[in-house]
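Please take a moment to look over the sequence and the model before reading on.

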Amino acid sequence: MAALFRRAAASLTTSLTTDSAHYYQCTGRHFLNYLDAQHPRVRSLEQLRRDPHILDWLTLLRSHQPPLAKQTYAHYVIRLRRILEELAWTNGVPLLTRLIRSDDIPSPDRCLPRPLTAEQDQLIQQELLRRDDRNSNALLLLRHTGMRIGECLDLPPDCLRRIGDQWAIHVPLGKLRTERLVPVDSFVCRIVDRLRSLRCQNRDADTFLLSRPHGRMTLGSELRIALHQIAAAVGIKTRIVPHQFRHSFGTEMLRAGVSLPVLMKLLGHKSPNMTMRYLEVSLLDVQHEFELARQQPRHRLPTPSTSSVSSPTPDLSGLLGSLHIAQHVLEMYRRNLPAGVARRLLDRLANRLTKIASEARKLNQS
């Protein structure tokens, strides 16, 4: 059955990334290896049954050591389910479509973005500026564009685009198969120029902005390890990952008054629900950090020579203006959504916004 599974996986991934195609093939091999070890008499698709073949395979996944993350487990099940569905129709075995049920796939956890705290952000950026090597500049680029790490790894040397009087960085096709232009300032342009100058002379030098003499996956691991070392060097004990730069960029833009549709474009989201999570995070501390985001936009980096940062003075008129914009955008999305989980989430956020705005107006009148 190995050849059948390989062809099914290849058929499903013709328009997907190379990584996605690899994972489908791995899932098919994992299932077939399990069958060979536990059910060696199964030699045809017609012999496959939910009990014991599929149920035992699911048990094997759950017993994995170290335990698989819920999302990883779900991806295994989803990929095998799609392979079996493809085999069902190409080989005329309809039973295969009923072997894996919807309730076998765990629901994903609803995780909010995890931006860096203001102190963590400042300390890490100071250290990145001080080191000024390839990894540090690549991490700074992630912080000030909101890119995913995979998108950054695939940037070409000519990623900067001139649009009128401004520069923008062209983000290539990424996780959601979307590409976009992210406006950047002179600081980001200098980062790109610095990365160009740091490129090693290797066979990939004319293809990618970040040299990868040992391959793409190795480069990604090097960036993650570098960030862990930098965080430890500045005394941060919590685990920091590169994707938190994306969360920091998104929440910072939202706090600074960027509308949800624009933020959705900047981050390359396909669904408004993905962007709404950033709004919920920003509402938790909008009264405390809005003025700080206005006084320290993303292009004003903390310099190593600065010994302290003065506390911002609250500006209630600016806060009320930001709340009014957020209420308007929320209402626009709420009207276009049918009843369901997303609509209920918007209702809760709208109620919370109304309460915050009411308290802010009281303070402004006092």
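This is a predicted model: local features need pLDDT of at least 70, side-chain atom pairs count only at pLDDT 80 or more; totals for chains, interfaces and linings use all residues.

**A helix and its surroundings**

Directly after helix α9, glycine 235 adopts a positive phi of about 90°. Helix α9 covers residues 216-233, which makes 18 residues, and from its first C-alpha to its last it reaches 26 Å, close to the 26 Å expected at 1.5 Å a residue.

Which residues of α9 are buried? They are Leu219, Gly220, Leu223, Ala226, Leu227, Ile230 and Ala231. When α9 is seen down its axis, these buried residues fall within an arc of 130°, and therefore they line one face of the helix. On the other side of α9, by contrast, Met217 and Ala232 are exposed. The cover over the buried residues of α9 includes several other helices, namely α5 (118-131), α6 (134-145), α7 (149-153) and α10 (243-255).

**The cysteines**

A disulfide is a covalent bond between the sulfur atoms of two cysteines. How many disulfides does the model contain? With the rule that the two sulfur atoms must lie within 2.5 Å, the count comes to 0. Cysteine 159 illustrates the reasoning, because the closest cysteine sulfur to its own, that of cysteine 152, is 8.5 Å away, which is too far for a bond.

Cysteine 159 has 0% relative accessibility and so counts as buried, whereas cysteine 26, at 26% relative accessibility, counts as partly exposed.

Technical notes. Residues are numbered from 1 along each chain as its sequence is written. Side-chain values use heavy atoms; hydrogens and water are left out. Helices (H or I, at least four residues) and strands (E, at least two) are DSSP runs, numbered from the N terminus. The expected span of a helix is 1.5 Å times one less than its number of residues. Buried means under 20% relative accessible area, exposed over 50%, partly exposed in between (1.4 Å probe, protein chains only). The arc is that of the directions from the helix axis to the C-beta atoms. Contact means heavy atoms within 4.5 Å.
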